[in-house]
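Welcome! Please take a moment with the sequence and the 3D view below before reading on.

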Amino acid sequence: MKLVSIAIFVGLILLYFVNAALKIDIFNWEMLVHSGIRFFTGFIILGIGYFYEHKIKLKISVYLVLALILADDLMDYYRHVNSFSAEFMVHGFYMLLWGALVGYFSMRYAKGKIDNQL
């Protein structure tokens, strides 16, 4: 549980600095949705599916991540929300990596906890 807690805590601190450096307001509804989609995409597809379980190949996981992010960006384009800039891409990439790291450590902790009980 230490690694999960450390990854979340350090990730939140780095998220603060990324948001401050890129001048992104994380507390509006649009950014919360974007950040959540990217974090949980990294958490589930990359962190659990690829890095931990090895159930998804890298090529397929990259295609899935790109499809989900492209769908989100197309929905923003359709709604006339301008979120396609370099700052938002850097922020989205950070959220993907942070989600993947937390997902990997969470599954490692969960599987280790289950294996110790059996």
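Which residue's side chain meets that of D76 in a salt bridge? The partner is R79, and the N to O distance is 2.6 Å. A salt bridge here is a side-chain nitrogen of Lys or Arg within 4 Å of a carboxyl oxygen of Asp or Glu. This is a predicted model, in which local features need pLDDT of at least 70, side-chain atom pairs count only at pLDDT 80 or more, and totals for chains, interfaces and linings use all residues. Residues are numbered from 1 along each chain as its sequence is written, and side-chain values use heavy atoms, with hydrogens and water left out.

**Salt bridges**

D76 counts as buried because its relative accessibility is 1%, and R79 counts as partly exposed because its relative accessibility is 40%. Buried stands for under 20% relative accessible area, exposed for over 50%, and partly exposed for values in between (1.4 Å probe, protein chains only). Through salt bridges that share partners, E30, D76 and R79 are joined into one network.

The structure holds five salt bridges.

Helices are DSSP runs (H or I, at least four residues), numbered from the N terminus.

**Pockets**

Now for the open spaces. Rolling a probe the size of a water molecule over the atoms shows where empty space is left. On a 1 Å grid over the protein atoms alone, a pocket is an open set of points where a 1.4 Å probe fits, with protein on both sides within 12 Å along at least five of seven lines; lining residues have an atom within 4 Å of a point.

The largest pocket has a volume of about 420 Å³, a volume being the space filled by probe spheres set on the grid points. Its lining has 23 residues, and V65, I69, G92, F93 and L96 lie nearest the centre. Helices α2 (29-52), α3 (58-78) and α4 (86-117) each supply at least two lining residues, with the largest share, eight residues, coming from α4. By class, the lining divides into 15 nonpolar, six polar and two charged residues. Ala, Val, Leu, Ile, Met, Phe, Trp, Tyr, Cys and Pro count as nonpolar, Asp, Glu, Lys and Arg as charged, and the others, Gly among them, as polar.

The second largest pocket has a volume of about 210 Å³. Among the residues that line the second largest pocket are L15, Y16, N19, F27 and M95. Both α1 and α2 give two or more residues to this lining, and the largest share, four residues, comes from α1. The lining has eight nonpolar, three polar and no charged residues.

**A nonpolar patch**

Y16 lies in helix α1 (residues 2-22) and is exposed, with a relative accessible area of 57%. Together with I6, F9, V10, I13, L14 and F17, Y16 forms a nonpolar surface patch with about 720 Å² of accessible area. Such a patch joins nonpolar side chains (Val, Leu, Ile, Met, Phe, Trp, Tyr) within 5 Å, using residues with over 30% relative accessible area and no salt bridge. Accessible areas come from the Shrake-Rupley method with a 1.4 Å probe.

Notes. Patches are made of residues with over 30% relative accessible area and no salt bridge: like charges are joined within 9 Å, nonpolar side chains (Val, Leu, Ile, Met, Phe, Trp, Tyr) within 5 Å.
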